[in-house]
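Here are my notes on the helix pair and the sheet. Have a look at the model first, then read on.

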Amino acid sequence: MPILSVTDISKSYGVTPILENVSFHVEAGEKIGVIGVNGAGKTTLLNILAGKERSDSGSVFMSNNVTLGYLEQQDHFDDGNTILDETKRIYSRFERMESELSELSQRIAAAAEEAGSGAGYDALLKRYGDLQDRYREQGGYTYKSEMRGILSSMAFDEKYFDKKIGTLSGGERTRLALACLLMEKPDILLLDEPTNHLDIGMLKWLEQFLRSYRGAVLIVSHDRYFLDQMAQRIFEIEHNRMKCYVGNYTDFAEKKRQIREADLRAYNKQQDEIRRQEDIIRKFKERGTEHLAKRAASREKVLEAMDLIEKPDAAPGTLRIQFHQKYKSGNDIFIADELEMSFYDRTQHAGKSGAEESAGNIISRSLYRHQLFSGVSFDIKRGERICIVGQNGIGKTTLLRILSGELEKTGGYLKRGVNLDIGYYDQRQERLDPDNTVIDEIYDTFRLYKESEIRAFLGRFMFKGDSVFTKVGDLSGGEKARLALLKLMMSGSNVLLLDEPTNHLDIDSKEVFEDALLAFPGTVIAVSHDRYFLNKIATKIYEMEAGGITKYEGGYDYYEEKKAQVTSASDYIKTLRDGQAGGNAWTAGDASGAPGEGPAVPEMTSAEERQLKKQRDTEAKRLRRQKEQLEKNIEKKEAEIEQIQQEMCRPEIISDHNKLNDLSARLDEAKTELDSMYDSWMELQ
């Protein structure tokens, strides 16, 4: 049964329409992706659903006792609170219940001493038992570990707990807001760009958490990989209207392409027919005979009665990017050996006396040095597209700044190749002057271009008309990103250093940008958490850790596959070692092991090895057949669910409450069966 129904809502700002006649419904437990270009109205829709804004017309209906949580792009924390203060507030009901249980326990003990039993004593016991049951059912015994687990997954370990929220960065505040919302567990989650500021590890954890989340989730996101993993339906807002597509982002993209092509073919076919008929009518009239004039009039009536097909809406304006290099670099781009970077930690050195700071008495600064990374080695050649991944704070941006020459390394060896012209894209856009207008920001850097040429470039990046006179400081994040990319494109650099380049870009702009990078003949080194981007662009992935870099040939999927193989091998070795350490028949004092070498593992005979291999092969075949059959059943069940969802999207069904409820019941049953199948499938992995 739908827990949220939206019927014909419209919203305008002044004379500018944002949403027109938007209708949809949301089922319990559904995961829905909401997409559209920047400014399409996605955030406006979430604000209306959350009650932050009112629609001009239409209605929003939510079932009774349904709770709703909203992750906005701007949080509402009290800067004076600590992280622990903010999260404990969410679980305050448990603290109240604990206090009441303690009080009841004391009253029960006192009543037992006074009377031993009786109606009052029994009533206290019942009340205590009921409250304890409610405490257990609501998660009272697990909420502390749950809180710490969610905070840890969002990169807030215990050392952060007493940190004031006012001291957090923008990314940290976003992660904390997401963590708090996940702790509240509302029936409907509204998430506006939840993947911003999350590294790959956090993204994978969030995907796993949301997939198992019992509530419904509406996710506004430009992260295509995330939408592929999460979404069961896609809501696209385009030209102020919303269309519903069953499936994930890849399914949506293919269906939209097919629909657009079919609509365009039908429109062009009808236009060809109209032109043909008009040409025949004109020729009939040119002959001037009464007979042909009647035939011309008859055909004109047919044309007037024709049900005209509307021309398909043009795709929204998108970037037009083409990176070029003014000249070719040498074959060697960067060679690094045991590169390291450290910072002097002033917080540990604060409060030292003048004597301690004197030349004779100063404590070595190395005692207060914070090493960000070390042991970083690589050899990057011309034409490679290297993508760097790693946890937040590991030093990826710092490495790019060292390569660009903006920062000096503190150790190791770095050689830059010959004829390098380096272009740097800064994710914070700190290289843009906020006091400049858009057109002046380009003109100040590229003075040889005429104003008409600069306007033409700006038009390709969707800065048209009077928008070129907007102050850079007044631009949105997406607009600043487009302006920075334009400057990078015009630079003609042969080496591009890109720090989170797809942040703030909508999906259409991302895909144009990626295609431009694929056609670029120079070298690309990008830091990114965008897994779709990593899959499409990377020829190699460098995973950065505090102690160095691990290199993987290929894109993100290949990187994940290799990581899984390494993890499995490590787990196997650990299990083997644990089994040896457990002793059983073989102990450290066994005569078959040399002293000091640890426990020995007895060797198998050839016959035993063959028998073991045969058993393993037989078991593997049985599991493979079982898995294949299960996958076929899952595919059939998913097709059944898709058919039901498509049926529920039909206008005549939406308006018929009884039919909608029947289909909803069938959908719930099918989803339950599918979940059971997935559980069985996971056990076979």
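1. Start with the helix contact: from α9, Ile274, Gln277, Glu278, Ile280, Ile281, Phe284, Lys285 and Arg287 meet Leu292, Arg295, Ala296, Arg299, Glu300 and Leu303 of α10. Contact here means heavy atoms within 4.5 Å. Helices (H or I, at least four residues) and strands (E, at least two) are DSSP runs, numbered from the N terminus.

2. Some housekeeping: this is a predicted model, with local features needing pLDDT of at least 70 and side-chain atom pairs counting only at pLDDT 80 or more, while totals for chains, interfaces and linings use all residues. Residues are numbered from 1 along each chain as its sequence is written, and side-chain values use heavy atoms, with hydrogens and water left out.

3. On geometry, the axes of α9 (residues 249-287) and α10 (residues 290-305) cross at roughly 155 degrees and come within 8 Å. Axes are lines fitted to C-alpha atoms, for helices over the stretch in contact, and angles run from 0 to 180 degrees between N-to-C directions. The two helices are therefore roughly antiparallel (over 145 degrees).

4. Now the sheet: an open one of six strands, ordered β14-β15-β16-β12-β17-β18, with mixed pairing. Strands pair if DSSP finds at least two bridges between them. At the edges sit β14 (422-425) and β18 (548-553), each pairing on one side only.

5. β14 pairs with β15 (residues 495-499) in the parallel sense, over four bridges. Within this pair, Gly423 has Leu496 as its bridge partner in β15.

Conventions: Angles under 35 degrees count as roughly parallel, over 145 as roughly antiparallel, 65 to 115 as roughly perpendicular and the rest as oblique.
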